[in-house]
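Reader: I am new to this structure. Could you take me through the terms used for it, step by step?

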Amino acid sequence: VMNMKDSFVASPEYRQFIAELKARVLSARISATRAVNRDVIILYWDIGRGIVEKQKALGWGKSVVETLAKDLQKAFPGMTGFSSSNLWRMRQLYSEYSTPEFLAQLVPELKKAGGTPFVEQVGLGEKILTGAGQQHQILAQAVPELLAASPWGHHVELLKKVKAPAARFYYLRATAQFGWTRNVLLNQ
């Protein structure tokens with residue numbers, strides 16, 4: 001039997017209030033998950049870039065990936081994601097998405113998104129694809145932001161199954177735009 005003090009629970013105002021609170025909690029959880037995902041993808045991009053750059057600059061061989069995996073797992077025992085196979089994927093993520101062929105897909109999108117003033121200000125165009133100067137740096141910032149819109153599992157599947165840079169770009173954009181789950185991505 002409900003007493004008068006608890007009668008508010010049955011009121012429409014309380015039901016609306018609790019429904020709004022539940023929606024806000026769910027929204028905050030989704031937002032937090034997206035923020036964590038974004039940071040993880042940018043971290044993985046940076047790790048991949050670091051491996052590639054050190055291998056080129058210092059002549060490190062393939063064994064550096066295995067050694068890094070062991071050292072990172074030892075340094076962060078509770079964290080997942082630092083297996084040697086995952087580090088190889090991080091390296092591949094950077095390598096595949098920093099090629100001129102992939103960057104060529106991004107330039108028209110930046111022109112559309114940024115509008116003409118932005119494009120003219122940074123000089124986006126063919127010069128970007130040569131890898132020189134400030135323009136390349138801007139693309140180096142734009143690519144991780146594009147990649148950060150999709151979870152790591154999506155990237156793993158795209159890297160394994162899609163070889164054409166234009167197709168990868170399409171699937172990345174569609175995943176971000178339509179919120180595709182991994183299963184939807186795989187079906188596409």
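**Helix packing and a pocket**

Author: The crossing of α6 and α7 is right-handed. Keep in mind that this is a predicted model.

Reader: What makes the crossing of α6 and α7 right-handed?

Author: A crossing is right-handed if the near helix is turned clockwise from the far one by less than a right angle. The crossing of α6 and α7 is of that kind.

Reader: At what angle do α6 and α7 pack?

Author: The angle is about 160°, and the axes are 11 Å apart. Helix α6 covers residues 152-161.

Reader: Why is α6 called roughly antiparallel to α7?

Author: Angles over 145 degrees count as roughly antiparallel. The angle here is about 160°. Therefore α6 is roughly antiparallel to α7.

Reader: Which residues of α6 and α7 meet?

Author: From α6 come H154, H155, L158 and L159. From α7 come R168, Y171, L172 and T175. By class, this contact has four nonpolar, three polar and one charged.

Reader: What lines the largest pocket?

Author: The lining has 13 residues. R34, N37, A149, P151 and G179 lie nearest the centre of the pocket. The volume is about 290 Å³.

Reader: Which elements give two or more residues to the lining of the largest pocket?

Author: They are α1 (12-58) and α7 (165-178). Helix α1 gives the most, with four residues. By class, the lining has six nonpolar, six polar and one charged residues.

How values were computed
Residues numbered from 1 in each chain as written. Predicted model: local features only at pLDDT ≥ 70, side-chain atom pairs only at ≥ 80, totals over all residues. Heavy atoms only, no water. 1 Å grid on protein atoms, 1.4 Å probe; cavity = no way out; pocket = protein on both sides within 12 Å on 5 of 7 lines; lining within 4 Å. Points joined across faces, edges and corners; volume = space filled by probe spheres on them. Nonpolar A, V, L, I, M, F, W, Y, C, P; charged D, E, K, R; others polar. Axes fitted to C-alpha atoms, helices over the stretch in contact; angles between N-to-C directions. Parallel < 35°, antiparallel > 145°, perpendicular 65-115°, else oblique. Contact = heavy atoms within 4.5 Å.
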